[in-house]
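Below are my notes on this chain, as numbered points. Please read them with the model open.

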Amino acid sequence: MALDDATIDSILRAPPADRLTTLARLLPESVDPPIPSTASGGDPRSLAAVPRGDRRTALDALAAIDPVEYARTRNHVGGAVTGLSPWIRHGVLSLAEVRDAALARVGRPDYAEKLVAELAWRDYWRQVHAALGNRIFTDVESPAAAARSAVGPAAMPADVLTASTGMPCIDAFVQRLLLTGRLHNHERMWLASWLVHVRRVPWRTGADWFLRHLIDGDPASNHLSWQWVAGTFSAKPYVFNRENLQAYTNGSHCTPCRLLGHCDVEGSYDDLHARLFAAPVVARPPLRIPPPPAWRLAPGGSTSTRPLVWLTLDSIASTSPAAAAFPDAPRLFVFDPAWFAAERPSLKRLAFIFDCLADVPDAAVAWGDPRVIVPKRARAGGCNGVAVADTPCPRVRASAAAIAADLPVVVVEPTRFCDRSRVDDLGRFSRYWNRIRSTALRPTPQADLERPAVPDGRPQPRRSG
Ligand SMILES: Cc1cc2nc3c(=O)[nH]c(=O)nc-3n(C[C@H](O)[C@H](O)[C@H](O)COP(=O)(O)OP(=O)(O)OC[C@H]3O[C@@H](n4cnc5c(N)ncnc54)[C@H](O)[C@@H]3O)c2cc1C
């Protein structure tokens, strides 16, 4: 598949409410087959709405967060979760900005601690991704427990793809994922756990499937969370029983369920472990991951005074780091065919990305290899360098390194979320959180908000948005 300029233009110009249907018309090969109705209902043929990717909508959602209620109800599927992940994932909101809003909303930092700790999980997974690169796509350590039965199917089973497994809760989660591109954290954990431990689907297969459909799809949070569920990045595999699901869904799936009393996840945790795993949790040496060095491409100091701002999936907003540091510079986003082939993004995911792009004034959007297109467009626009927001993405880093052989590339860091200078190991989140907790719970200092975001270049002053 290729996106030519005319197609890109039509999608960008489509009214936001029509973007999804425009995409479905222009990219018919990306349309998934309809899924049948499940016990939980829903119109399987409808293209359910995708939230708008623009900054205004993101700020409205940010204004609605309630950190105290969040801490109380986060694990309930109807709880006061923020719903901010699609904007955070694409750099429309920064972690520091969400943390600052949360602290401002409550009287004392500890009232916002639960929410800040969850933001820290995202920060942590990104650090791990930056440290391990493409190694996050294979087992980071051996699984904590061996499966009892033989290896399961390598591909996602057809009954899962069509939301017809016969487990009404699972079918409802699949249907929600495919129709909306969104799932509550607990639903992600339950679905991933059932697939990996009950159906024996390799975690990588499930992670790739999630990444295709989630509108907040992000390899760092996604693939590493799947590893965590599988027990390849955790002290034990994550399993759940029906009682747990029933409690956090107010019984909406279990009460009417005809499998009540004999479903796949019925029983105590001891029963489940005995059914699913051949032996108790295996002792392994502690996992140690040294923190990554800062990503720099112009160690001697960049002299770029008029860079082209290269927007990547982590930074599709005029307030994202590189665009904010160089507010008057031209901006370019490139759809990389290698990314398309690897992630096969769903129409909903694409619709959200296009929505973010449509909100960046005068952003140019192209299809092709960034190593070719970015320097070409930079030169054509009279730019003497490239500015890109920091990212753990190995594909972007490799492309940026290739571009840097030819043109200075400045890496722009986001506003600091925490002080990582005391972090010496990324093997477990608890160790990370202990080292960053006190600084993550402090608001961003005014000086950081005003300071130039580029350590080795000469950015123009930041503008707040
Ligand atoms: C199997 C699995 C796959 C996942 N895939 C993704 C993914 O592709 N992209 C993604 O952004 N998150 C992913 N998560 C993490 C988490 O489920 C989502 O970030 C969260 O559900 C988003 O909803 P929210 O914005 O309402 O989160 P809230 O609970 O309101 O949290 C606020 C923010 O904190 C961050 N956050 C919260 N929980 C986590 C977490 N467990 N890990 C990392 N960050 C977190 C997110 O940025 C989130 O927007 C995954 C989790 C699991 C178990």
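1. A word on terms. Contact, or touching, means heavy atoms within 4.5 Å. By that rule, Ala 378 touches Leu 308, Cys 383, Gly 385, Val 386 and Leu 407, with residues up to four places away in sequence not counted. Ala 378 sits in helix α18; helices (H or I, at least four residues) and strands (E, at least two) are DSSP runs, numbered from the N terminus. Ala 378 is buried, at 0% relative accessible area. Buried means under 20%, exposed over 50% and partly exposed in between (1.4 Å probe, protein chains only). Ala 378 and Trp 310 lie 68 residues apart in sequence, yet 9.4 Å apart in space, C-alpha to C-alpha.

2. Basis. The model is predicted: local features need pLDDT of at least 70, side-chain atom pairs count only at pLDDT 80 or more, and totals for chains, interfaces and linings use all residues. Residues are numbered from 1 along each chain as its sequence is written, and side-chain values use heavy atoms, with hydrogens and water left out.

3. Overall fold. The protein chain has 21 helices and five strands. Its C-alpha atoms fill a box of roughly 70 × 50 × 45 Å along the principal axes.

4. Of the 465 residues, 55% count as buried. Among contacts with a separation of 6 or more, 76% join residues 24 or more positions apart. The accessible surface is about 19,700 Å², with 54% belonging to carbon and sulfur atoms; the method is Shrake-Rupley with a 1.4 Å probe.

5. Helix α11. This helix (residues 203-213) is mostly covered, with nine of its eleven residues buried. Among them are Trp 203, Trp 209, Phe 210, Arg 212 and His 213. The cover includes α8 (158-161), α9, α10, α12 (219-230), α16 (337-343) and α17 (347-358).

6. Helix α19. In residues 394-404, the buried ones are Pro 394, Val 396, Arg 397, Ser 399, Ala 400 and Ile 403. Their cover includes helices α7 (113-132) and α18 (370-380), along with strands β1 (307-311), β4 (385-389) and β5 (409-412).

7. Cavities. How many cavities of 30 Å³ or more does a search of the whole structure find? The search finds two. On a 1 Å grid over the protein atoms alone, a cavity is a set of points where a 1.4 Å probe fits but cannot get out; lining residues have an atom within 4 Å of a point. Points are joined across faces, edges and corners, and a volume is the space filled by probe spheres set on them.

8. Largest cavity. Its volume is about 80 Å³. The lining includes Cys 169, His 253, Cys 254, Cys 257 and Cys 263. Helices α9 (168-180) and α13 (242-248) each supply at least two lining residues. By class, the lining has ten nonpolar, one polar and one charged. Nonpolar covers Ala, Val, Leu, Ile, Met, Phe, Trp, Tyr, Cys and Pro; charged covers Asp, Glu, Lys and Arg; the others, Gly among them, are polar.

9. Second largest cavity. Its volume is about 40 Å³. Helix α10 (185-198) and helix α14 (269-276) each supply at least two lining residues, and α10 gives the most, with four. The lining has seven nonpolar, two polar and no charged residues. Val 265 is one of the lining residues here, and Val 265 also lines the largest cavity.

Note on methods. On a 1 Å grid over the protein atoms alone, a cavity is a set of points where a 1.4 Å probe fits but cannot get out, and a pocket is an open set with protein on both sides within 12 Å along at least five of seven lines; lining residues have an atom within 4 Å of a point.
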